[in-house]
Amino acid sequence: MKKFILGTAMALVMSTTAHAETVGVSMAKFDDNFLTVLRNGMTDYAKTLSGVTLQVEDAQNDVSKQQSQIQNFIASKVDAIIVNPVDTDATTAMSKLAADAGIPLVYVNRQPVNVDTLPDKQAFVASNEQESGTLETKEICRILGGKVKAVVIMGELSNQAARMRTQDVHDVIKTDECKGLEIVEEQTANWDRTQGADLMTNWLSSGIEFDAVISNNDEMAIGAIQALKAAGKDMTKVVVGGVDATQDALAAMQAGDLDVTVFQDAAGQGKGSLDAALKLAKGEKIDKKVYIPFQLVTPANVKDFVTKN
């Protein structure tokens, strides 16, 4: 009888743990407004799932640290790995590590350089960056009637999103509607609000004249706004755009300082990446690329987005 009870208990434990899944998550950095929303979207969703445990690590914007985290996940025999890459050009080696170990891997938000050659059991979940900078720049062009001098603030140049969003700007300029748009300066501020403010201060000190600020993200746009206001600039005469529709950006828009942003569903990407990782861990087949649409945000519809990011 005791053997029967013990055997039943062991079977129950085994059946319970068989459905338990551990997912290792390496985020590029915790100290980032957008990535915080993405991470929270992932962890909040995990809490609603039975038997799912997340092991979330901060790579602190260090490629070698991120690679070590992936190696540790593999050594711990996690069921799947989610990576928000520090450097999108460094993902080929990460993919090989996971593939050699037979562990599913999902990249989230930042497009890996090897996105078109991902091994089996690997995928990419994000939004299509060809939409983000295009929506932003077209709206700025429309507001200013197609004739505008603009400065472009780029994100980290090692990041595919920064390169693509900047390319979007140049592609829009080539269209008949916006061929009057002229870029007078284009520099990086590494996605950072303080660096965005410093860059704008330098431009103003140099006497550069412009009608619009086209920023690769909201944080740098907010930094630029802070520098413009500190310099006593009339914000009604400068059009400022960003990408992400963070809560700080939406507040700046409601205050009349930010004119354009593009909603990128951070929480949705977090949830989507976890769904993809769990499906791959169960041996299910999914699309290699899972895209969540961008949406243009202006003062006319900003209230619709206030609670989303």
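By the rule that a disulfide is a pair of cysteine sulfur atoms within 2.5 Å, the count in this predicted model comes to 1 disulfide. A disulfide is a covalent bond between the sulfur atoms of two cysteines. Here the partners are Cys 141 and Cys 178, with an S to S distance of 2.2 Å. The torsion about their S-S bond is about -110°, so the disulfide is left-handed. Cys 141 belongs to helix H5 (residues 129-143), while Cys 178 sits in the loop between helix H6 (160-173) and strand E7 (180-188), so the pair ties together parts that are 37 residues apart in sequence. Helices (H or I, at least four residues) and strands (E, at least two) are DSSP runs, numbered from the N terminus. Cys 141 counts as buried because its relative accessibility is 3%, and Cys 178 counts as buried at 4%. In these terms, buried means under 20% relative accessible area, exposed over 50%, and partly exposed in between, with a 1.4 Å probe and protein chains only.

Residues are numbered from 1 along each chain as its sequence is written, and side-chain values use heavy atoms, with hydrogens and water left out. As the model is predicted, local features need pLDDT of at least 70 and side-chain atom pairs count only at pLDDT 80 or more, whereas totals for chains, interfaces and linings use all residues.

The pLDDT is the predictor's confidence in each residue, from 0 to 100. Its mean over the protein is 93, and 94% of the residues reach 70 or more. Where pLDDT is low, the predicted coordinates should not be read in detail.

Turning to the overall fold, the secondary structure comes to 10 helices and 12 strands. The C-alpha trace spans about 85 × 35 × 35 Å along its principal axes. Of the 309 residues in the protein, 49% are buried. Among contacts between residues at least 6 apart in sequence, 74% join residues at least 24 apart.

Asn 84 lies in the loop between strand E3 (80-83) and helix H4 (91-101), and it counts as buried because its relative accessibility is 0%. Leaving aside neighbours within four places in sequence, the contacts of Asn 84 include Ser 26, Leu 35, Gln 66, Asn 109 and Arg 110. Leu 228, in helix H8, also counts as buried, at 1% relative accessibility. Leu 228 and Val 238 are 10 residues apart in sequence, with 9.1 Å between their C-alpha atoms. Gln 254, in helix H9 (residues 247-254), counts as partly exposed at 48% relative accessibility. Not counting residues up to four places away in sequence, Gln 254 touches Val 302, Lys 303 and Val 306. The C-alpha atoms of Gln 254 and Lys 303 are 8.5 Å apart, although 49 residues separate the two along the chain.

Finally, there are the empty spaces. Rolling a probe the size of a water molecule over the atoms shows where empty space is left. On a 1 Å grid over the protein atoms alone, a cavity is a set of points where a 1.4 Å probe fits but cannot get out, and a pocket is an open set with protein on both sides within 12 Å along at least five of seven lines; lining residues have an atom within 4 Å of a point. Grid points are joined across faces, edges and corners, and a volume is the space filled by probe spheres set on the points.

The structure holds 2 cavities of 30 Å³ or more. The largest cavity has a volume of about 180 Å³ and is lined by 17 residues, with Phe 34, Asn 109, Arg 110, Trp 191 and Asp 244 nearest its centre. Helix H2 gives the most to this lining, with 3 residues. The second largest cavity has a volume of about 30 Å³, and its lining includes Asn 109, Arg 110 and Phe 124. The largest pocket has a volume of about 170 Å³, and among its lining residues are Asp 120, Lys 121, Glu 284 and Lys 288.

Methods
Contact means heavy atoms within 4.5 Å.
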